[in-house]
Amino acid sequence: MRTGRPAPPTILVVEDNAITRKLVRTTLEAEGYAVLEAPDGLTALSLLDTENPDLVLQDFRLPDIDAFDLLAKIRARKGGNEIPVLAISGYQSKIEEARAAAVGFDDFLLKPVEPSRLVLAVRAYLPRKGAELRALGTGRCVLLVDDDPVQLKLGAVILRGLGFGVETAASAEE
């Protein structure tokens, strides 16, 4: 039976540690997301054959496949370049972080990830829809300053559409 409500965004969590996977799943489900779980890369690839997640949270160290190989396989799939993939690792090094960014991870989170930081990162990469977008600015006012009148008008229209109260000025003095 359809309720008429859109399905919540789906997140694929690829994490070999069952406790970490449960913490991530519980945090995300509490925020209204649907969560798919994979304890390894091969399970993740199998899920990607049948599911279309909106985002992938991928442990950087997996027991069966190199993180970069898994990312390459995700990106090689139809629509794979459109899916944000966030790497999560308990090991941070500047080389690892730079390598992660260079091969196409959208972000890099350090374990242990605070639930609030995890939610903020996920929200940053998932598109907002309808009423949620319109409610974004509710109760907030923005001062928009731009010396280009076209950009000023366009910016004001966009921000008002997001629910913000908008005041405009054409210069710092104004």
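**A cluster of rings**

Guide: Let's begin with four rings: F60, F68, F105 and F108 are linked into a cluster by ring pairs. Please keep in mind that this is a predicted model.

Visitor: How many aromatic pairs are there by the rule used here?

Guide: The count comes to 4 aromatic pairs. One of them joins F60 and F108, with 5.5 Å from centre to centre and 75 degrees between the planes.

Visitor: Why is the pair of F60 and F108 called edge-to-face?

Guide: Ring centres must lie within 6.5 Å to pair, and planes over 60 degrees apart count as edge-to-face. With centres 5.5 Å apart and planes at 75 degrees, F60 and F108 are an edge-to-face pair. This pair links distant parts of the chain: F60 sits in the loop between β3 and α3, F108 in strand β5, and 48 residues separate them. Both F60 and F108 are buried.

Visitor: What makes the pair of F68 and F105 edge-to-face?

Guide: The same cut-off of over 60 degrees applies. The planes of F68 and F105 stand at 65 degrees and their centres are 6.2 Å apart, so this pair is edge-to-face. Here too distant parts of the chain are linked, as F68 belongs to helix α3 and F105 to the loop between α4 and β5, 37 residues apart. F68 and F105 are both buried.

**Helix α3**

Visitor: Which residues of α3 are buried?

Guide: They are A67, F68, L70, L71, I74 and R75.

Visitor: How do you know that they are on the same side of α3?

Guide: Around the axis they cover an arc of only 160 degrees, and therefore they lie on the same side of α3.

Visitor: What happens at the start of α3?

Guide: There, a side-chain oxygen of D66 comes within 2.9 Å of the backbone nitrogen of F68.

Visitor: Why is R75 called buried?

Guide: Buried means under 20% relative accessible area. R75 has 15%, so R75 counts as buried. R75 lies in helix α3, and its side chain reaches the backbone oxygen of I83 at 2.5 Å. Leaving aside neighbours within four places in sequence, the contacts of R75 are G80, N81, I83, V85, G104 and D106.

**Around helix α1**

Visitor: What makes R21 buried or exposed?

Guide: The cut-off for buried is under 20%. R21 has 14% relative accessibility, so R21 counts as buried. You will find R21 in helix α1. A polar atom of the R21 side chain lies 2.6 Å from the backbone oxygen of E15. Beyond neighbours within four places in sequence, R21 is in contact with V13, E15, D16, E37, A38 and P39.

Visitor: Why is N17 called partly exposed?

Guide: N17 has 34% relative accessibility, so N17 counts as partly exposed. N17 is in the loop between β1 and α1. A polar atom of the N17 side chain lies 2.9 Å from the backbone nitrogen of I19. As for N17 and L62, they are 45 residues apart along the chain, with 9.3 Å between their C-alpha atoms.

**Cores and the whole chain**

Visitor: Which residues touch the most other members of the largest nonpolar core?

Guide: That core has 22 residues, and L12, V14, V56, F60, L70 and F105 touch the most other members. At least two residues each come from β1, β2, α2, α3 and β4, and α3 gives the most, with 5 residues. Apart from this core lies another, of 16 residues, including L28, L57, L118 and V122. In general, nonpolar side chains in soluble globular proteins tend to be buried together.

Visitor: How many helices and strands does the chain have?

Guide: There are 7 helices and 7 strands. Along the sequence they follow the pattern β-α-β-α-β-α-β-α-β-α-α-β-α-β.

Visitor: What share of the chain is made up of buried residues?

Guide: Buried residues make up 37% of the 174 residues. The chain exposes about 10,600 Å², and 54% of this comes from carbon and sulfur atoms. Finally, among contacts in the chain with a separation of 6 or more, 60% are between residues 24 or more positions apart.

Technical notes. Residues are numbered from 1 along each chain as its sequence is written. This is a predicted model: local features need pLDDT of at least 70, side-chain atom pairs count only at pLDDT 80 or more; totals for chains, interfaces and linings use all residues. Side-chain values use heavy atoms; hydrogens and water are left out. Rings of Phe, Tyr and Trp (its six-membered ring) pair if their centres lie within 6.5 Å; planes under 30 degrees apart count as stacked, over 60 as edge-to-face and the rest as tilted. Helices (H or I, at least four residues) and strands (E, at least two) are DSSP runs, numbered from the N terminus. Buried means under 20% relative accessible area, exposed over 50%, partly exposed in between (1.4 Å probe, protein chains only). A polar contact is a pair of N or O atoms within 3.5 Å; within protein, one must be able to donate a hydrogen and the other to accept it, and residues adjacent in sequence count only if both atoms are side-chain atoms. Contact means heavy atoms within 4.5 Å. The arc is that of the directions from the helix axis to the C-beta atoms. A nonpolar core is a set of buried Ala, Val, Leu, Ile, Met, Phe, Trp, Tyr and Cys residues joined through side-chain atoms within 4.5 Å. Accessible areas come from the Shrake-Rupley method with a 1.4 Å probe; for residues, only the protein chains shown count as cover.
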